[in-house]
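I opened a new notebook page for this structure. My notes follow the order in which I looked things up.

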Amino acid sequence: MNIHEYQAKELLKEFGIPVLEGHVAWTPDEAREAARRLPGPRYVVKAQIHAGGRGAGHFLHSQSGRGGVRLAASVEEAGEHAAAMLGQILVTKQTGAAGRRVHRVYIEAGCEIERELYLSLLVDRDTSRVTIVASAEGGMDIEEVAASRPERIVRVTVDPAMGLSEFHARRIAFRLGLSGMQLASFGRMVKALYKAYIALDCAVVEINPLVVTKGGDMLALDAKVIFDDNALYRHPELERLRDPAEEDPKELEAARHKLSYIALDGTIGCMVNGAGLAMATMDIIRLYGAKPANFLDVGGGATKERVAAAFKIILADPNVEGILINIFGGIMRCDVIAEGVVAAAREVSLSVPLVVRLEGTNVEQGRAILNQSGLSIVAADDLDDAARKIVAAVAEAG
């Protein structure tokens, strides 16, 4: 689960990470009032969306200029910037061409910046350990830095049995060229960030940029926090931070039915039981020249109602031109899948090709339900046969 910058800063501040004073605003008047409550004389107005690259982004259908992060020299100018952003669609490298609509802005006090650094914590899948990633080139596209100047990226893994030690922070600080009092400040920053990462069950915590001010202080000028969805049950208080407007409605609906669903950019909808089988299904669709429209795992204990909901979610995507259902019944019974598919197809008046491959528990009953439904359903013998048939059917229908 992702959250907004201002929410991330509120959380990190509780763990002792220094941030600038700021206030969120939903209207230009609220933005002006927020600026009045800050020390000034300069302010920063930041569009709040779940995507990075806001400063280099641009607004669709707007003549207000580029950038979702703007400096304001007065209270009135802060309100003007807010008015130019609110309700507009901001496009960045991370949003895709469709962009994200800005519903709120964050008004923050300005500061004098001496240096900009990059600092984050994440799980390294190769080592299965929390890894601290840092760079002296903060404020930039870190992926670009990693690709073109990998020597500028510092990585230090933390042994889970030992936890974070002083030497982890010192090793990074020396590589970043920090010295004097900055070493102690950076050490405190890393310690606090690691504590927050573990306590909140985060997937990613990122500060970019982490700035050194002209006064020698260190501040988190921007912050990103992404939580591990699988651990949210331990943090019910974090649910209040969820912003449904920033999430795909289909994914929200899937979560309500306890379905694992991720929207993709293809044309063939997939319904599968089991993550590994789902990945194989998407791969073979690509092999035969098409692209999957989604990842959808109904799980091993799905009910008829959950299967029907999954089918509707797939069809809610206007890009879907065909559906491939691939079920290998172990715990999941093929007749339950068939009943859910038939019920949903009748309710939504299925108008795209549908190929179904069933195998496993109660497969004969499942096939009989499909055959007797009167619906236009193409049966497949195996996964290869199913992929060939759905790709061919979509091509013929198009």
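I took contact to mean heavy atoms within 4.5 Å. The model is predicted, with local features needing pLDDT of at least 70, side-chain atom pairs counting only at pLDDT 80 or more, and totals for chains, interfaces and linings using all residues. Residues are numbered from 1 along each chain as its sequence is written, and side-chain values use heavy atoms, leaving out hydrogens and water.

**Asn273.** I found Asn273 in the loop between β15 (268–272) and α8 (275–287). Helices (H or I, at least four residues) and strands (E, at least two) are DSSP runs, numbered from the N terminus. Beyond its neighbours within four places in sequence, Asn273 touches several residues, including Asp297, Asn326, Phe328 and Met332. Its side chain reaches the backbone oxygen of Phe328 at 2.9 Å.

**Buried or exposed?** I used under 20% relative accessible area for buried, over 50% for exposed, and partly exposed in between (1.4 Å probe, protein chains only). Asn273 is buried, at 11%. Ile331 is exposed, at 74%. I placed Ile331 in the loop between β17 (322–329) and α10 (334–348).

**Backbone.** I noted a cis peptide bond from Asn208 to Pro209, with omega near 10°. Pro209 sits in strand β11 (residues 202–213).

Notes. A polar contact is a pair of N or O atoms within 3.5 Å; within protein, one must be able to donate a hydrogen and the other to accept it, and residues adjacent in sequence count only if both atoms are side-chain atoms.
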